[in-house]
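Work through the exercises below with the sequence and the coordinates at hand, trying each task before reading its solution.

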Amino acid sequence: MRGSQINLGLHVFGYPPNEPERLAEYVATAMAYDSYAAPSIRRVIAGAVGLDYNELKKNPLETTNGFTNRELLEIFHKTAVKSLERLLKGESFEVVEEEIEKFGFKVMEKEKLEETFRKALEVAEKIIECKKEHEGFLKGLKGEYVEPGSSGTITRGKFEILPTGRNFYAVDPRTLPTKAAWQIGVETAEKLLEEYMKKHGKYPESVGQVLWSIDGYKADGEQIAQILYLIGVRPVWKGDVVAGLEIIPLEELGRPRIDVLIRISGIVRDTLPNYIYLIDEAIEKVVTLDEPSEMNYIRKHYVEHIKKLIELGKSFEEAQRFARFRVFSAPPGAYGAGVNLAVESSGWRGDEDLAKVWIQWSGYAYGKDTHGVEAHEALVLSLKEVDVINRNHMSDEHDPTNCCCYFAHHGGFKAAVDALTGKNAEVVQTDTRDISDPKIVEVKVELERVVRAKLLNERWIKEMKKHGYRGASEFSKKILHLYGWEATTKLIEDWVFDEIAQRYVLDEEMRRWFEEHNPYAMEEIARRLIEAYERGLWETSEEIIERLMEVYSEIEGILEESLGEGEVQGGTIEIYTAQDDENWSENMREVERIWSLVKND
């Protein structure tokens, strides 16, 4: 929780934070973690007073100078904020030393300290220039030249993206993964296997991966690096360009080669084809290795899948090709995983319905010589092998409740594995926000972090309410996506929905605010809570449900009064599935056939 970075309200186009207090907080937070470009501002302060930053993080409860190390890290952040605030008001660099000495420390290394705070001031000045966003936008509309600029994540030290308002470009995909990202990928792969081994006493045979373009554009390929290392191959670079792959010998790897099943986004498919080619090449190399099946899970599954695909009607040549498929997505030209559409329209009855939607949308294979080949049977066979499902998280600029795609891709992946196999597949997140301390975090823990840091955080709520209609929409969207996570994974505990009901629907002041700014958002929140209860996804007291129903009736009355009869949203929650629609049922026919053949095999 202490490491969470929380947005205060939404970005207003052309209006960057420019008050010294707000700007200082923004810059200090952006520089809070180590990045490839520069060390954390907290690390610099710790070093300036003779303390080991790594030790402070590693032993948070030990005491130094009368403070716990955890308290010291917080003090260093506050020191950075206050120092920057004073510098932005025109004071000299001596204020940094003054702020540090307030807590009883003596500055021993001034040069690095001053260099870092000068850099922080440069970043602040560039942020103020972001008011040029309007100018760049209008130039674009006029067909005029818009100055180019790089893209990336400010919290990962990519300050060259500032000022915004320019025509940003992404990356050179040929350089991914970078050499630095490869090191992070290796470390996180080892931690992922180590965490699984601790819980289960064995390696996972297959790791599911939700791979989005954000990995390439904002993290330099850390997740593709993790995937390649799990398989047991490594990039060969010529200069900074990835020229190919080489096999890591088992003696050096020290463990089995782990199989992978990758669900890429449509944007990866369209803009990072090299990701697809690298994974395809890796699988092609590894399935031909003469290694024991217990040390090469990829080859083991490849051989097994050939037999099963032949049983399902494929020729031997087709079976060989399909058994190698490991990268799947929506068909060419389509985007998403479909599960969000089913959840948001109440178009599902049970877990199998959501699982089949995910499979139907995701059943198109991609590779060097394959572009969107319908391969639902290959996908289903690989799903049966998956033990744990991962997605990388590199910045708190976004979170798993920001967009429906998170629960649709990641949660839907789990729903498919569990419904197909009867497993309770683990869902985890590789947290690389701080590259000096990457972690493997359970998605349940991550969702509760987001709930506490944002949805139940009074400061976050207060800032979001300043946006009126749009702020109310953010509340509604996040709560809907939380419901989506519960529908697909069953990871949201009852207390979360209890707290949300009390804070957003049953609180009279909040209801009046919604009524004034966006009654539709309030109706959506209340209706989703009722649906969660009626579906058995949320167990709560009769008193809360009775009050919720009463409030919902009031909301309906408000909407009827303001909109008129016949134009009112919601009310009855109608549940339907593919069986209730002829076209939908026809689209699902192939998935139903494969499901019935493979599920109990």
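The exercises that follow concern a predicted model.

**Exercise 1.** Determine where Ser 362 lies, whether Ser 362 is buried or exposed, and which backbone oxygen its side chain reaches.

Solution. Begin with the secondary structure, where Ser 362 belongs to helix H17, which comprises residues 351-362. Next take the accessibility: the relative accessible area of Ser 362 is 0%, and because buried means under 20%, Ser 362 is buried. Then follow the side chain of Ser 362, which reaches the backbone oxygen of Trp 358 at 2.7 Å. Finally, leaving aside residues up to four places away in sequence, list the contacts of Ser 362, which are Arg 263, Phe 328, Ser 329 and Leu 379.

**Exercise 2.** Locate Ser 346 and Lys 490, and classify the accessibility of Ser 346 and of Lys 490.

Solution. Most residues other than glycine have a negative phi. Ser 346, although not a glycine, has a positive phi of about 60 degrees, and it sits in the loop between helix H16 (339-344) and H17. With a relative accessibility of 7%, Ser 346 counts as buried. Lys 490, likewise not a glycine, has a positive phi of about 60 degrees and is placed in the loop between helix H22 (469-489) and helix H23 (494-505). At 38% relative accessibility, Lys 490 counts as partly exposed.

**Exercise 3.** In which loops are Pro 163 and Pro 177 found?

Solution. Most peptide bonds are trans. The bond from Leu 162 to Pro 163, however, is cis, with omega near -5 degrees, and Pro 163 lies in the loop between strand S3 (148-150) and strand S4 (167-169). The bond from Leu 176 to Pro 177 is cis, with omega near -5 degrees, and Pro 177 lies in the loop between S4 and helix H8 (179-200).

Note on methods. Residues are numbered from 1 along each chain as its sequence is written. This is a predicted model: local features need pLDDT of at least 70, side-chain atom pairs count only at pLDDT 80 or more; totals for chains, interfaces and linings use all residues. Side-chain values use heavy atoms; hydrogens and water are left out. Helices (H or I, at least four residues) and strands (E, at least two) are DSSP runs, numbered from the N terminus. Buried means under 20% relative accessible area, exposed over 50%, partly exposed in between (1.4 Å probe, protein chains only). A polar contact is a pair of N or O atoms within 3.5 Å; within protein, one must be able to donate a hydrogen and the other to accept it, and residues adjacent in sequence count only if both atoms are side-chain atoms. Contact means heavy atoms within 4.5 Å.
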